[in-house]
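Let's walk through this fold together, from its sheet to its aromatic contacts. A few cut-offs come first, and then the tour begins.

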Amino acid sequence: RVLFRSLRKQTDSGGIMDHLEGRFSLKTKPILYVISSTDKLLRGVRTDSYDLHFISTYHMTDYQILKELLHVPVDAVYTDMNDTYLMKGILSMGIILYSHNPVDGCKGKEIRKFGTDIFTYGGIRHARAYLHMKRIFDIMLSIPGLIIAAFLFLIFAPLIKMESRGPVIYKQERVGYNGRRFYIYKFRTMYKDADQIKEKLRKRNEMDEQIFKIKNDPRITRTGQFMRVRSLDEFPQFWNVLKGEMSVVGTRPPSVDELLRYKLHHKKRLLCKPGITGIWQVNGRNEITKFEDILKMDMKYIRNCNIFLDLWLVLKTITCIIKKDGR
């Protein structure tokens with residue numbers, strides 16, 4: 001329990017992120033959606049500070065707007081709409097909301113932004129010192145992780161190629177921080193046509209529809225099964241960590257087809273960088289089948305993460321690997 005006490009108090013309602021731009025490097029702009037019936041709000045937004053998108057309420061219903069925001073990368077929404085259903089739907093996804101109108105039943109803060117006084121809601125505030133420490137922590141672990149991955153490649157590449165046709169390294173599009181897309185890298189543990197067979201096996205899925213997993217998966221090769229039990233297939237992901245697309249510790253990155261099955265509030269689990277390991281992975285992932293339970297664990301980490309908790313999860317992951325507690 002002590003490990004879940006943050007170095008600074010962090011909440012998703014009280015910890016309002018006033019300075020969205022401060023969360024990003026110079027090379028990455030925050031993604032801001034402007035929702036309005038006119039283009040007048042754009043006049044108060046510096047287009048060079050954001051990756052800016054505009055949604056006209058003349059052409060889309062509230063439901064259509066929320067579904068679009070669920071499936072695209074977005075950090076914040078700026079709107080002049082006085083629509084409680086729409087604004088609460090946005091907040092349920094963990095998206096920062098800048099609004100000219102107060103949202104009933106939600107705790108916000110009045111700030112000066114975009115050249116006017118507006119209300120801001122939502123978001124997760126993490127201490128900047130922690131974010132810098134986490135990045136250093138990721139780089140320090142990714143370098144030896146990639147060295148181990150190179151040795152594993154020399155050992156397992158011939159076995160993977162002999163058992164089934166296809167590349168040694170498997171690349172798949174995943175969904176990362178606030179919906180950003182990237183390609184994840186793993187040692188290939190399945191036959192080449194595994195993605196096509198997946199839909200035929202969906203009826204056997206033992207998890208909720210947002211995650212696909214079955215016992216004795218016929219798509220997995222014998223070499224792949226050996227690697228999965230020992231979590232050896234995960235080591236190429238340290239390349240994603242070094243590039244900054246992932247972190248060593250975080251939430252599991254969903255595939256694109258899994259995101260399409262998400263409900264609005266499920267997107268909250270993308271409020272941190274995805275991780276190679278995390279709280280769900282080290283706490284009986286093989287026994288937890290309800291996606292809502294996974295979401296609760298992920299949100300517990302997101303709200304309370306600190307460098308000591310990250311270190312503890314890494315150490316517990318090593319214990320799980322030694323015990324062969326893989327998939």
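## Ground rules

Buried means under 20% relative accessible area, exposed means over 50%, and partly exposed lies in between, with a 1.4 Å probe and protein chains only. This is a predicted model, in which local features need pLDDT of at least 70, side-chain atom pairs count only at pLDDT 80 or more, and totals for chains, interfaces and linings use all residues. Residues are numbered from 1 along each chain as its sequence is written, and side-chain values use heavy atoms, leaving out hydrogens and water.

## The sheet and its helices

Helices (H or I, at least four residues) and strands (E, at least two) are DSSP runs numbered from the N terminus, and two strands pair if DSSP finds at least two bridges between them. Here 6 strands make an open sheet with mixed pairing, in the order 2-1-3-4-6-5. Strand 2 (51–56) and strand 5 (109–113) are at the edges with a single partner strand each, so one side of each has no neighbour in the sheet. From one strand to the next, the twist averages 30°.

Strand 5 pairs with strand 6 (residues 116–121) in the antiparallel sense over 5 bridges, and R112 has D117 in strand 6 as its bridge partner. Helix 1 (residues 62–71) packs on the sheet, touching strand 1 (31–36), strand 2 and strand 3 (76–79); contact means heavy atoms within 4.5 Å. The direction of helix 1 makes about 175° with that of strand 1, where axes are lines fitted to C-alpha atoms (for helices, over the stretch in contact) and angles between N-to-C directions run from 0 to 180 degrees.

## Nonpolar cores

A nonpolar core is a set of buried Ala, Val, Leu, Ile, Met, Phe, Trp, Tyr and Cys residues joined through side-chain atoms within 4.5 Å. The largest one has 67 residues, and those with the most contacts inside it include I35, L69 and I90. Another core, of 13 residues, lies apart from it, with Y50 and Y78 among them.

## Aromatic pairs

Rings of Phe, Tyr and Trp (its six-membered ring) pair if their centres lie within 6.5 Å; planes under 30 degrees apart are stacked, over 60 edge-to-face, and the rest tilted. The structure holds 6 aromatic pairs. In one, the ring centres of F156 and F226 are 6.0 Å apart with planes at 40°, so the pair is tilted. F156 is buried at 8% relative accessibility, whereas F226, at 38%, is partly exposed.
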